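Colleague: I am new to this structure and would like to learn how to read it. Could we go through it feature by feature?

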Amino acid sequence: MAHPETHPRIEESLRRLWEEDVVPALSHYTTIPCLSPAFDADWEHGGHLATAAALLANWGRTRRVEGLFVEVVASAGRTPIVLAEAAGTKGATGTVLIYGHLDKQPPLGTWREGLGPFSPVRLGERLYGRGTADDGYAFFAALGALESLDAAGTPRPRVVVLVEASEESGSPDLAAHLDAHSTRLGRPDLVICLDSGCLSYDRLWLTSSLRGNLVATVGVQVLTEGVHSGSAGGVVPTSFRLLRRLLDRLEDPVTGEVRLEELHGDVPPQVAQGAEGVDWRAADVFPVVPGLTLAGRSEAERLVRRSWLPSLTVTGIDGIPSVRDGGNVLRPSTTVKISLRLPPSIDATRAVTALERVLTDDPPEGAAVSVHVETPANGWVAPALEHWVTDAFAETSMEVFGNPPGSLGEGGTIPFLAMLGARYPGVPLVATGVLGPGSNAHGPNEFLHLPMAEAVTAATARLLAATATRSRPPG
Ligand SMILES: [Zn+2]
């Protein structure tokens with residue numbers, strides 16, 4: 001086992017808070033199938049997002065945090081948000097915005113015996129269940145940080161915690177919520193995003209970049225109804241083959257390299273340098289089958305590939321029966337859903353144009369091709385952070401783990417950061433999180449590494465305290 005369980009030095013009160021208050025409430029949250037709207041068309045009627053929002057809000061209202069106000073903001077047709085606001089302690093200035101989300105990915109795959117997406121299971125330091133790590137823990141960590149500061153009488157700034165419910169669908173509702181609450185959010189002095197990852201569980205990790213994401217549905221139709229494959233096979237081109245040809249326009253089928261020039265950006269030299277010497281092995285992190293050849297010649301190159309190169313994944317398919325039900329028929333159509341990860345610096349809107357052009361120009365054999373692209377999500381490159389921010393983060397990592405923090409580019413996407421960066425240029429944004437080795441957000445057997453969650457809570461508290469006491473630039 002490459003990553004032994006860790007025993008960080010967390011303050012006793014924080015550990016008790018997690019054990020006695022957070023784990024039971026987070027377990028309850030885990031039972032709610034509050035899937036993101038993209039995976040639950042009936043979400044509004046089903047009410048699971050509202051149930052989860054109410055659970056968080058009610059838990060928040062029981063916290064011993066001075067001047068805390070928690071509400072669920074809901075309007076028809078739009079996913080709710082949970083907003084928690086705590087006035088700053090006497091004499092403290094500044095505002096910190098903390099972000100998380102409560103919507104979940106679907107179960108996706110068969111979970112291990114004894115585990116299930118909506119039945120929380122605690123095994124040692126891990127709390128298994130969908131949404132525990134991505135990103136249910138965030139609200140608890142944010143308010144836990146506030147509570148621990150208030151218990152210790154540590155000055156802290158005004159804090160606004162915003163937990164949205166459309167993140168896993170590309171945050172289509174977030175911009176409207178940010179607009180509606182812009183006065184309340186103000187111009188934050190610091191933004192903390194608790195939805196990111198970590199490369200190991202032996203230190204804190206600061207996210208230096210995120211990839212963007214294009215989600216699209218691509219369909220190829222060749223017939224108006226299915227016909228005998230013995231009769232039409234060899235004459236009517238199959239939709240599967242033509243779809244393969246379309247996908248081959250996007251990526252090299254042998255190497256997996258994305259072929260669209262517009263989707264490639266320059267990798268900053270410090271990214272490759274930073275990846276050298278990081279203690280990380282892809283074969284330990286991902287549950288690969290024995291003998292599988294991974295892309296990249298070294299672990300460092302793999303770290304760069306997963307954070308700064310585009311990549312294509314087919315995530316869903318329609319028009320094909322299950323293997324058991326497959327008959328000898330030449331099917332009328334095949335449709336796939338794709339997720340195309342974009343380098344951090346690529347403009348997602350330009351990528352959409354390139355994608356649509358390459359898929360719809362010159363349809364193979366004149367087949368009917370349909371392309372539907374969902375809201376594109378930009379990647380993000382972290383702004384340079386001032387010392388009071390990086391120092392607070394580093395001190396927590398040293399104190400809790402005895403190790404300095406790491407910094408890495410993550411391969412996932414958090415639309416919030418690109419949105420916030422565009423709204424408040426120059427505002428320091430700290431993205432960190434618990435999605436580490438094996439935690440498997442979006443796949444089966446997702447777990448929250450509890451010591452890491454406690455450490456992130458401690459880091460959040462330290463960052464809040466630092467905001468209240470930092471020396472302001474003159475003028
Ligand atoms: Zn997430």
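Modeller: A word on domains comes first: domain bounds come from an automatic or database domain assignment. The model itself is predicted. With those bounds, domain 1 covers 12-210 + 379-469, and domain 2 covers 212-286 + 299-373. Taken over C-alpha atoms, the centres of domain 1 and domain 2 are separated by 31 Å.

Colleague: How many residues of domain 1 are in contact with domain 2?

Modeller: On the domain 1 side there are 16 residues, and they are in contact with 20 residues of domain 2. At least two residues of that side of domain 1 come from each of strand 8 (205-210), strand 15 (380-381) and strand 16 (406-410). Strand 16 gives the largest share, five residues. By type, the side of domain 1 that touches domain 2 has six nonpolar, nine polar and one charged.

Colleague: Next, the sheets. What is the order of the strands in the open sheet of six strands?

Modeller: The order is 1-2-6-3-7-17, and the pairing is mixed.

Colleague: Which strands stand at the edges there?

Modeller: Strand 1 (68-75) and strand 17 (429-435) do; each has a single partner strand, so one side of each has no neighbour in the sheet. On average, neighbouring strands of this sheet are turned by 20 degrees against each other, with direction ignored.

Colleague: In what sense do strand 3 and strand 6 pair?

Modeller: Strand 3 (residues 95-101) and strand 6 (residues 158-164) are parallel partners, joined over seven bridges.

Colleague: Which helix lies across strand 3 and strand 6?

Modeller: Helix 15 (residues 450-469) does, and it also lies across strand 7 (190-197) and strand 17. The angle of helix 15 to strand 17 is about 165 degrees.

Colleague: How are two packed helices described?

Modeller: Two numbers are used: the angle between their axes and the distance between the axes. Take helix 13 (residues 387-401) and helix 15: their axes come within 9 Å and cross at roughly 145 degrees. The crossing of helix 13 with helix 15 is right-handed. Helix 13 makes the contact through W388, V389, A392, F393, E395, T396, V400 and F401, while helix 15 brings A455, A458, A459, R462, L463 and A466. Sorted by type, the residues of this contact between helix 13 and helix 15 are 11 nonpolar, one polar and two charged.

Colleague: And at what angle do helix 1 and helix 15 cross?

Modeller: The axes of helix 1 (residues 12-30) and helix 15 cross at roughly 125 degrees and come within 10 Å. Helix 1 and helix 15 are therefore oblique to each other. Their crossing is right-handed. In the contact, L14, R15 and W18 of helix 1 meet L450, A453, E454, T457 and A458 of helix 15. The residues of the contact of helix 1 with helix 15 comprise five nonpolar, one polar and two charged.

Colleague: What should I know about the backbone before looking at single residues?

Modeller: Most residues other than glycine have a negative phi, and most peptide bonds are trans. Against that background, two places can be pointed out. D134 and D135 are joined by a cis peptide bond, with omega about 10 degrees. D135 belongs to helix 4 (residues 132-152). L108, a residue other than glycine, has a positive phi, near 50 degrees.

Colleague: Where is L108?

Modeller: L108 is in the loop between strand 3 and strand 4 (121-123).

Colleague: There is also an open sheet of four strands; is its pairing parallel or antiparallel?

Modeller: The pairing is antiparallel, and the order is 11-13-9-14. The edges are strand 11 (311-318) and strand 14 (368-373); each has a single partner strand, so one side of each is without a neighbour in the sheet. From one strand to the next, the twist averages 20 degrees. Strand 11 pairs with strand 13 (residues 333-342) in the antiparallel sense over seven bridges. Within that pairing, D318 has T335 in strand 13 as its bridge partner.

Colleague: Which strands does helix 8 lie across?

Modeller: Helix 8 (residues 239-250) lies across strand 9 (212-221), strand 11, strand 13 and strand 14, and runs at about 150 degrees to strand 9. Helix 12 (residues 348-360) lies across strand 9, strand 13 and strand 14, and its angle to strand 14 is about 170 degrees.

Key: Residues are numbered from 1 along each chain as its sequence is written. This is a predicted model: local features need pLDDT of at least 70, side-chain atom pairs count only at pLDDT 80 or more; totals for chains, interfaces and linings use all residues. Two residues are in contact if their C-beta atoms, placed from the backbone, lie within 7 Å. Ala, Val, Leu, Ile, Met, Phe, Trp, Tyr, Cys and Pro count as nonpolar, Asp, Glu, Lys and Arg as charged, and the others, Gly among them, as polar. Two strands pair if DSSP finds at least two bridges between them. Axes are lines fitted to C-alpha atoms, for helices over the stretch in contact, and angles run from 0 to 180 degrees between N-to-C directions. A crossing is left-handed if the near helix is turned anticlockwise from the far one by less than a right angle, and right-handed if clockwise. Angles under 35 degrees count as roughly parallel, over 145 as roughly antiparallel, 65 to 115 as roughly perpendicular and the rest as oblique.
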